[in-house]
Amino acid sequence: PASFYPMMTASASDERVASLVTHWLTNGSRFCISPLGPKRVTLEWQSARESPSSPCYWGMPSISADDSAFRPSRGAYWRGLVWGPMVLLTYWGLLQYDHLPVVANARRGLCHQMAMLFLKHWRRHRHICENYSPLRDAKECSGMLFYHWGALTGFISLLEAEHYGRT
């Protein structure tokens, strides 16, 4: 996700950001965020994400799911787990280019996927995870079970709904 942080400065061209979002953030085998927002997806993206071998069902792993170092199922701390601070920084970057439909849709998809990930663990165990597995079948947190920055995965939905000041 660090590749998405420069968007916060709004210094990249619209074309470059659209390409970054299309080829990386919303790619079903890389960062796995829905390219069409939370409710609509293309069949190609859906099949990549929904397949039993999908490495990042929930989206936003700490490294691209097609990287050879990606190992979230083995608890490799920085090798593919989902981290709230990375999610929030990416969200803020996407806001800078909200005038681009591909970016606005990706932002909405990010919010939806992260809210569902957060709520899955909260409803099942009442945990706010330090980090989360991007794997669909993960049953438990991959880090500490109650950790402050884990709530950022759900917080972006509050920002999105304007329940908290957006600047």
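Author: The model is a predicted one. In general, two packed helices are described by the angle between their axes and the distance between the axes. Here α1 spans residues 14-25 and α4 spans residues 101-125. Their axes lie 9 Å apart, at an angle of about 40°. That angle makes α1 oblique to α4.

Which residues make the contact? From α1 come Val 17, Ala 18, Val 21, Thr 22 and Leu 25. From α4 come Val 102, Val 103 and Ala 106. Sort the contact of α1 with α4 by class: seven residues are nonpolar, one is polar and none is charged.

Now look at α1 by itself. Val 17, Val 21 and Leu 25 are buried in this helix. They cover an arc of only 35° around the axis, so they sit on the same side of α1. The general rule is simple. An α-helix has 3.6 residues a turn, so residues three or four places apart point the same way.

What covers the buried residues of α1? The cover includes α4 and also α3, residues 84-95. Turn to the other side of α1. There, Glu 15 and Arg 16 are exposed.

Key. Residues are numbered from 1 along each chain as its sequence is written. This is a predicted model: local features need pLDDT of at least 70, side-chain atom pairs count only at pLDDT 80 or more; totals for chains, interfaces and linings use all residues. Side-chain values use heavy atoms; hydrogens and water are left out. Axes are lines fitted to C-alpha atoms, for helices over the stretch in contact, and angles run from 0 to 180 degrees between N-to-C directions. Helices (H or I, at least four residues) and strands (E, at least two) are DSSP runs, numbered from the N terminus. Angles under 35 degrees count as roughly parallel, over 145 as roughly antiparallel, 65 to 115 as roughly perpendicular and the rest as oblique. Contact means heavy atoms within 4.5 Å. Ala, Val, Leu, Ile, Met, Phe, Trp, Tyr, Cys and Pro count as nonpolar, Asp, Glu, Lys and Arg as charged, and the others, Gly among them, as polar. Buried means under 20% relative accessible area, exposed over 50%, partly exposed in between (1.4 Å probe, protein chains only). The arc is that of the directions from the helix axis to the C-beta atoms.
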